[in-house]
Amino acid sequence: MRKVLFCCLAAGVFVSVEGKNLLRNSSFELGPAEYSVATAIPYSAADFTPVRAERDASTRIHGRYSLHVPNPRGNSVQLSSHDIALTPGKRYYFSCWMKAEKPAVVQLMLRSCTYDAKGYHWWNRQKEFQVTTEWRKYTFAIPAIPEANPVGNLVLNWNTGSLWLDAMQLSGEPAEYAPAADVEFAFERGEPVRYPGENRFGVSAVNYSSRRVERRIEPVLYDRFHGKQETLGLLSFVLEPGESRRCDLPVKLTRFGSFELRMDSGEVPLLFAVIGRLPQKKYSFRDGFSAGVNGHLFHMSATRFQPPEPNGLPREPLFNACGMDLDEFFARTRQAGFGAIRLHDDGLFAWWRMEPEQGRYDWRATDNIIRRAWKNGLDILPRLGSMEFVARAGDKIANSWLRKASEHTGVKVSGIFQRILPPPDLWESFVYEFMARYKEDISYCEIINEPNLFLTPEQYTEYLKRAYRAAKKANPSCTVVGFCATGDLNGDLGRFLEECGRLGAFQYADAVSFHPYNAQLDDAPVPAEQQIAEVMQIVRKYRPGMPLWNSELYFIQDWEGLSKPLAEQSDFPVGNLVRRYLIDLGAGLAQSIPVWAPRITGVDLRPGYRWTAYAASTFIPNEYAVATNAFARFLECGRGEGKWDLLRGLSLWRYEDRHGNSLLACWALKRGERFTLFLPEGVDAYDLFGNPLPGREILIDNNPVYLKGKVKRPDWNLLKVVPHRKFQVTGARYFRKDSAPVLAVEIGNNTRENQKLAMRIPGAPVQKLELKPQEIRMVVFPAPAERQEKLRVIVSDGERIQSFFVRPVSGRICRSGETLAVGENGNIQVRTTPEFLAFRIQVRDDRRGGRVKDAPWSGDGVEIFLDMEPFRGLDREAYTDSCFRLFLVPKSSNGLPEALTGSSNLSLEGIVWSLQDSGTDFSADIRIPWKNLGRKSPGTFAFDVAVDDSDGERRHSQEFWAGGPENWRNRFLLGLLADETEKAR
């Protein structure tokens, strides 16, 4: 049969387009090139040696070689193809010649996972073959591909001894085997981490035709971040019929970054990282600040060959040994600049898994992970406690002894979960056993992930106290990291820390961790550095000097990025990660461990699959990792010296490195902003990967730039930065002044010099003004006769005329004392006095309903939205720290009491309120002192009132005076209470 196959090809048998083989290197004459071979090894194993596929000339069907995949230990093995472009709605046909060392079940899958604004689209079709010890051809007609999945890859899984493969084909119609092309090339997949200097790569070629061929190829080196490529030298191949050959490709690498070697004939590019050598190979938390990574283990999904766990519990994750063992994986992680791993979201560091039966512990997997990570230069932060405290529909650990021993409270938390309370004594015993086990290996642990989403402060304080007592008993010198509170999902981070502080919880921790999802970067409405300062203020109040850690931030979006659909927010610019490291260090955090494992892994063979654990041939550090390596070379174990407010729109921070040398880092705050930085003599600039930037005039955009002097402490006052835009119109708002409609336009001076300007809008006279350095001012014009959604503002500085287009904010306007209707069921009257802001509210309701505890918006009640600075920041609809919310709720039908609560930035002290409740209808009076709202006296402000109605378990409708359901995040929807005697603020 081998002869027949070869002769068909040699004779030039016509193959239709539909019958074309979509698989490259399908005869495996180039070995495993363009395929990955992974070994699924339990983390509890003693040996992590990966299976390595090899060409075998002793047995074959087509060409001169087959592919032999040895598997002496009988592990589950997975061979995966490169990406395959598929036609939605079309069927495909698979065939392959296989034989096994002993009879084996081989599972075939055509697998696809694509990703768009709607989320992930998973699709798999599979077939099992009973493979014998003799060569046989196996086939499968694959059902039609769904519309959402235009890319896929083939996967073979087995777990019984060695397997040989040859003449593999995937085509759009049944056809005799033929390679994808007469001549094929492929890169040899070698070491994915490289260092600058001379490097050697391999290129292989095979000639399937019946004639001698001469081919020249011209590989290029492609910079993935900058999108630029460099042509390398020509490679020449002379190939006889059926011959394959390998050539060395020497490449001089001069820059740090994430790169691909490419050819132009359809080959899969070779992805690799170029990084620098770290100042120290081994890192410990006690050394100082570092950048860490969350859950960084390299899993393979459970296969059909993995036996089920007792009681239907989730199967143990498997290490994906693809071209590397566990030690190599951790060593590569450290090479990439990461100092530590937070063991969380990895499926292994779960209480019920480490203690599978009460009092019986299984440390095999955790022994391997902790001790091998530490041996290879990484410190470890195990997170103890997470999903043991919550359950949801289809609870996967419902049959565990721990779940059965826990208290099921029936209290709903975070929408879809129910609060579970494990026995505190057993919790304390578990923490003690864990910390005693690893007393010589780790000195840090973090207690319960994001407890503010599912535990009360009282409950968390008790579990923290017991964990602290147990950890210190096991290892008196250990550091207990507590709180681990998140700022998203209505977590109310600040209030949770305050309430824990009042309960004395800070005495049961040595450091405080938090997850800043609601203040990701410095362009957020509440900037990242401001949130850090606020959290530090709370910590200092209860325990001065306590270190603060950022221990999770899986996506890091600037403000523009957060406007994207949620499914797209996991992708973010690499510069954002470096900005977060620099903010954390500059603002005084002790550690920064934001991203998680999939974010730092380069995807090479299957980029269309979009699920990193399956799409990468091995752990290839990507541009996020390369940028982390640069940060580590500059500032690991360094110290922040604070922010330097040089120009608005420019983030500029001071640091000291590990040797006491002064460094700066800077970037533009917003997308589209540009600055030119003029370097003083003796100072050099470097990009976010650590590459020197040429010249003395450096363009500053959103990507951080490092500045380092040739002396220990340069005179940074010689630094000069010039904005590309001297002035900028940022927004406008309609309101009333002296009973006439007007338009307030916000304009700012971006420079450090006075700016004399003339500005106008269509139909209004020119206004001249002089702005002081960095000044922002509101300029009031008569409103156009017709309100416009998009308005042109023309500004001149005498040298240049610029046009700015803004969308003015408009909405309802009222005066103090007016009675306003809130839909059909509510009335409000808002009054201002010199001392306070007063609301009188009446609500008509035919039936009292229930609400969710600690979620006042979920039942009957009133919500008040306030923006005390409605004429500031008119380019951002998001809430600022001048925005507040109040919730007034009557007694609920499920027994919750009447209450007044507010947003975490609003002090309730001094607010006077009363509520008259008939059991259905209710009315209320609220008086808020101006000082609680950051004001000394009355003035124009924005507000809205919503009436929430619940006739059952929770709210079913809302009515508003001015805005709508997006009020909670869009301050531009609020109406205005106009103080017509006040100047525009």
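A residue is called buried when its relative accessible area is under 20%, exposed when it is over 50%, and partly exposed in between (1.4 Å probe, protein chains only). The model on display is predicted, so local features need pLDDT of at least 70 and side-chain atom pairs count only at pLDDT 80 or more, while totals for chains, interfaces and linings use all residues. Residues are numbered from 1 along each chain as its sequence is written, and side-chain values use heavy atoms, with hydrogens and water left out.

Rings of Phe, Tyr and Trp (its six-membered ring) pair if their centres lie within 6.5 Å; planes under 30 degrees apart are stacked, over 60 edge-to-face, and the rest tilted. The count of aromatic pairs is 51.

Select Phe 259 and Phe 272 to begin. These rings are stacked, 6.2 Å centre to centre with 25 degrees between the planes. Phe 259 belongs to strand β20 (residues 257–262) and Phe 272 to strand β21 (residues 270–274), so the pair ties together parts 13 residues apart in sequence. Phe 259 is buried at 5% relative accessible area, and Phe 272 is buried at 1%.

Next, select Tyr 554 and Trp 596, a stacked pair with 5.0 Å between centres and 10 degrees between planes. Tyr 554 is buried, with a relative accessible area of 12%, whereas Trp 596 is partly exposed, at 30%.

Then turn to a cluster linked by ring pairs, whose members include Phe 349, Trp 351, Tyr 361 and Trp 363.

Finally, select Arg 633, which lies over the face of Phe 256 at 4.1 Å from the ring centre.

Terms used:
Helix = DSSP H or I, 4+ residues; strand = E, 2+ residues; numbered from the N terminus. Lys NZ or Arg CZ within 6 Å of the ring centre and 35° of its normal.
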